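Let's take a walk through this protein together. Keep the model open beside you as you read, and find each residue as it comes up.

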Amino acid sequence: MLRISYSESPSLPLARASNLQSGDGVALIGFPLNLPAAPSEGPVSGFDASYLARLDPAVSTHGSMAAVERFATTHIHANIAISPGEIGAPLLNSRGEVVGLVATSPDDGRSIYALPVEAMAKVIDDFNQYGCARYGWVGVNVVGAADTNHDGRTVRVVQVVPGTPASDSGIRAGDTLMRIDAREIYRPADVLDASFFSKIGADMNVVVRRDNQLYSYTFAVIERPQNPTTVAPLTSHSSASANHVAANPR
């Protein structure tokens, strides 16, 4: 991250990536193969974080999302071919506004994933406050599961890591995640997003379903450790509380 004089440097306006939809046209401007700057265009094909996941057999044989790469949040996927020299380029909407930063290509340059502007802002805020990017965590690892209640809820707890804020809260392996703070949870990427945008030291409220009952737990957010599947010690400011919410949720 560079600090420059705004009045003396050209700049591009920012827009909300959350306003993008599949099929919208986007463009990136980079320096392909160290040649002069050139645009590349294509449609948005979706929004996901599936390429981030690494199977962790120590947690589950069914594809735990406990271990993820840097910038563990939903990315913009666009059908734009790129060449070496274009990673890090701005991704622009049809009005020339920046909606993302090209982060990687999952298929040898045939398409790209871009970090959304909202996530860029979070990383910049972290750098301004801490000098580095910091990601929240509470000690709960999850996997995608079958939609047994036919309500779209497919995220199940597979591990509550000992020595973390969640370990003393009452949340259990096998619980179905329903909500994290104000974010409704339907897929594992929703959990990544909630953790990515959480603030370390703040409280997080988690609602789970167990035996057709809803339970609410509140615990402090700590920094995600390098290996999220092993023991992480509680910090002095961590706390946990639980409440039984309702029966027979719909």
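A nonpolar core is a set of buried Ala, Val, Leu, Ile, Met, Phe, Trp, Tyr and Cys residues joined through side-chain atoms within 4.5 Å. Buried, in turn, means under 20% relative accessible area, while exposed means over 50% and partly exposed is in between (1.4 Å probe, protein chains only). Before we use these words, note that this is a predicted model: local features need pLDDT of at least 70, side-chain atom pairs count only at pLDDT 80 or more, and totals for chains, interfaces and linings use all residues. Residues are numbered from 1 along each chain as its sequence is written, and side-chain values use heavy atoms, with hydrogens and water left out.

Let's start with the whole chain. Its secondary structure comes to two helices and 15 strands; helices (H or I, at least four residues) and strands (E, at least two) are DSSP runs, numbered from the N terminus. Of the 250 residues in the protein chain, 45% are buried. Now take contacts (heavy atoms within 4.5 Å): among those between residues at least 6 apart in sequence, 60% join residues at least 24 apart.

Next, head for the largest nonpolar core. It has 19 residues, and Ile171, Leu177, Ile180 and Val206 touch the most other members. Two or more residues come from each of strand 8 (140–144), strand 9 (155–160), strand 10 (176–180), helix 2, strand 12 (203–210) and strand 13 (213–220). Apart from this core lies another one, of 16 residues, including Leu20, Val26, Ala78 and Ala114. In soluble globular proteins, nonpolar side chains tend to be buried together.

Zoom in on Ile180. Leaving aside neighbours within four places in sequence, Ile180 is in contact with Ile185, Val191, Ala194, Met204, Asn205 and Val206. Follow that list to Ile185, which sits in the loop between strand 11 (183–184) and helix 2. Is Ile185 buried or exposed? Its relative accessibility is 0%, so Ile185 counts as buried. Ile185 and Val155 are 30 residues apart in sequence, yet their C-alpha atoms are 7.3 Å apart in space.

Now over to helix 1 (residues 117–130).

Finally, look for the rings. Rings of Phe, Tyr and Trp (its six-membered ring) pair if their centres lie within 6.5 Å; planes under 30 degrees apart count as stacked, over 60 as edge-to-face and the rest as tilted. The structure holds two aromatic pairs. Tyr135 and Phe196 are stacked, at 5.3 Å centre to centre with 25 degrees between the planes. Tyr135 lies in the loop between helix 1 and strand 7 (136–137) and Phe196 in helix 2, so this pair ties together parts that are 61 residues apart in sequence. Both Tyr135 and Phe196 are buried. Phe196 also pairs edge-to-face with Phe197, at 5.1 Å centre to centre and 75 degrees between the planes. Phe197 is partly exposed, with a relative accessible area of 35%. Together, Tyr135, Phe196 and Phe197 form one aromatic cluster.
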